[in-house]
Amino acid sequence: ESEGFRIVPGSGYRDAEGVRGLYLLRGTEVIFTSGPKKGQRFERLGNNTLRRLNADGSKSRLSCIRLGGTS
């Protein structure tokens, strides 16, 4: 849960505490460019799934699944 975030309009996101940041989608790579997740990178595996990448570019065990209809 502490790793959770929500995508918001304008290439933005909010973390679990509501702190806002920005991300960049480059091909299948999502790069957090500001805010609490700054520097984190994820690989987009489909419309609903991201896998976090380690600093060396290898895949971590953490994946994020999009949940619809949550507030």
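Mentor: Happy to! Let's begin with the accessibility words: buried means under 20% relative accessible area, exposed means over 50%, and partly exposed lies in between (1.4 Å probe, protein chains only). This is a predicted model, in which local features need pLDDT of at least 70 and side-chain atom pairs count only at pLDDT 80 or more, while totals for chains, interfaces and linings use all residues. Residues are numbered from 1 along each chain as its sequence is written, and side-chain values use heavy atoms, with hydrogens and water left out.

Now to the pairs. A salt bridge here is a side-chain nitrogen of Lys or Arg within 4 Å of a carboxyl oxygen of Asp or Glu. Side chains of opposite charge can pair when their charged atoms come close. The structure holds five such salt bridges.

One of them joins Glu3 to Lys37, with 3.3 Å between the closest N and O atoms. This pair links distant parts of the chain, 34 residues apart: Glu3 is in the segment before β1 (5–8), and Lys37 is in the loop between β4 (29–32) and β5 (41–44). Strands such as these are DSSP runs (E, at least two residues), and helices are runs of H or I with at least four; both are numbered from the N terminus. Glu3 is partly exposed, at a relative accessible area of 30%, whereas Lys37 is buried, at 5%.

Next, look at Arg41 and Glu29, whose salt bridge has its closest N and O atoms 2.8 Å apart. Arg41 lies in strand β5 and Glu29 in strand β4, so this contact ties together parts that are 12 residues apart in sequence. Arg41 is partly exposed, with a relative accessible area of 24%, while Glu29 is buried, with 15%.

Strand β5 takes part again through Glu43, which is 16 residues away from its partner Lys59 in strand β7 (residues 59–65), another link between distant parts of the chain. The side chains of Glu43 and Lys59 meet in a salt bridge at 3.5 Å, N to O. Lys59 is exposed, with 54% relative accessibility.
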